[in-house]
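I opened this entry to keep track of what I looked up, step by step. My notes follow the structure shown here.

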Amino acid sequence: LRRIKPAEIAGEIALGENETVLSLTEKRRRFAAENHPDRHLPDFRANATVRMKIANMLIDEALRRLKQMERRAR
């Protein structure tokens, strides 16, 4: 829970170039299952919250890029 830099979290999520909506959704669920603030003691919830926000931001960005690529391919 100490790693809160976006690059560190991106490495944990293991975002790749060939992601799909399904794979990104699964990575979000897996990360949340392990890192959600409600799953940790109160002393660790602040970092868990930051980690979840960053992970969600990274996955949302990947989803936006994926949708843009799909639109361009049409």
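**Notebook: helix by helix**

I started with E34, which has its place in helix α2. E34 counts as exposed, at 52% relative accessibility. For my own reference, buried means under 20% relative accessible area, exposed over 50%, and partly exposed in between, with a 1.4 Å probe and protein chains only. E34 and A48 are 14 residues apart in sequence, and C-alpha to C-alpha they are 9.6 Å apart in space.

I noted the ground rules next. This is a predicted model, so local features need pLDDT of at least 70 and side-chain atom pairs count only at pLDDT 80 or more, while totals for chains, interfaces and linings use all residues. Residues are numbered from 1 along each chain as its sequence is written, and side-chain values use heavy atoms, with hydrogens and water left out.

**The whole chain**

I looked up the elements. The protein chain has 3 helices and 0 strands. From the N terminus on, the order is α-α-α. Helices (H or I, at least four residues) and strands (E, at least two) are DSSP runs, numbered from the N terminus.

I then checked the extent. Along the principal axes, the C-alpha atoms fill a box of roughly 50 × 20 × 15 Å. Of the 74 residues, 26% count as buried. Among contacts in the chain with a separation of 6 or more, 58% come from residues 24 or more positions apart. Contact means heavy atoms within 4.5 Å.

**α2 against α3**

How do the axes of α2 and α3 cross? Helix α2 covers residues 21-35 and helix α3 residues 45-73; their axes come within 10 Å and cross at roughly 180 degrees. That makes α2 roughly antiparallel to α3. The axes are lines fitted to C-alpha atoms, for helices over the stretch in contact, and angles run from 0 to 180 degrees between N-to-C directions. Angles under 35 degrees count as roughly parallel, over 145 as roughly antiparallel, 65 to 115 as roughly perpendicular and the rest as oblique.

I listed who meets whom. From α2 come V21, L24, K27, R28, F31, A32 and N35. From α3 the partners include A48, R51, M52, A55, N56 and I59. By class, this contact has 11 nonpolar, 2 polar and 4 charged residues. Ala, Val, Leu, Ile, Met, Phe, Trp, Tyr, Cys and Pro count as nonpolar, Asp, Glu, Lys and Arg as charged, and the others, Gly among them, as polar.

Is N35 buried or exposed? N35 lies in helix α2 and is buried, with a relative accessible area of 6%. Leaving aside neighbours within four places in sequence, N35 is in contact with L1, H40, A48, R51 and M52.

K27 is buried, at a relative accessible area of 15%. Beyond its neighbours within four places in sequence, K27 is in contact with I13, A14, L15, G16, E19 and I59.

**The loops**

A14 sits in the loop between α1 and α2. I noted its positive phi of about 65 degrees, although A14 is not a glycine. A14 counts as partly exposed, at 45% relative accessibility.

T20 is found in that loop between α1 (6-13) and α2. T20 is partly exposed, with a relative accessible area of 40%. T20 and K67 are 47 residues apart along the chain, yet their C-alpha atoms are separated by 9.6 Å.

I moved on to the loop between α2 and α3, where R39 lies. R39 counts as exposed, at 60% relative accessibility. Its contacts, leaving aside neighbours within four places in sequence, are A32 and A33.

**The largest pocket**

Which residues line the largest pocket? I found L15, G16, E17, N18, E19, A62, R65, L66 and M69. By class, the lining has 4 nonpolar, 2 polar and 3 charged residues. The volume is about 160 Å³. On a 1 Å grid over the protein atoms alone, a pocket is an open set of points where a 1.4 Å probe fits, with protein on both sides within 12 Å along at least five of seven lines; lining residues have an atom within 4 Å of a point. Grid points are joined across faces, edges and corners, and a volume is the space filled by probe spheres set on the points.
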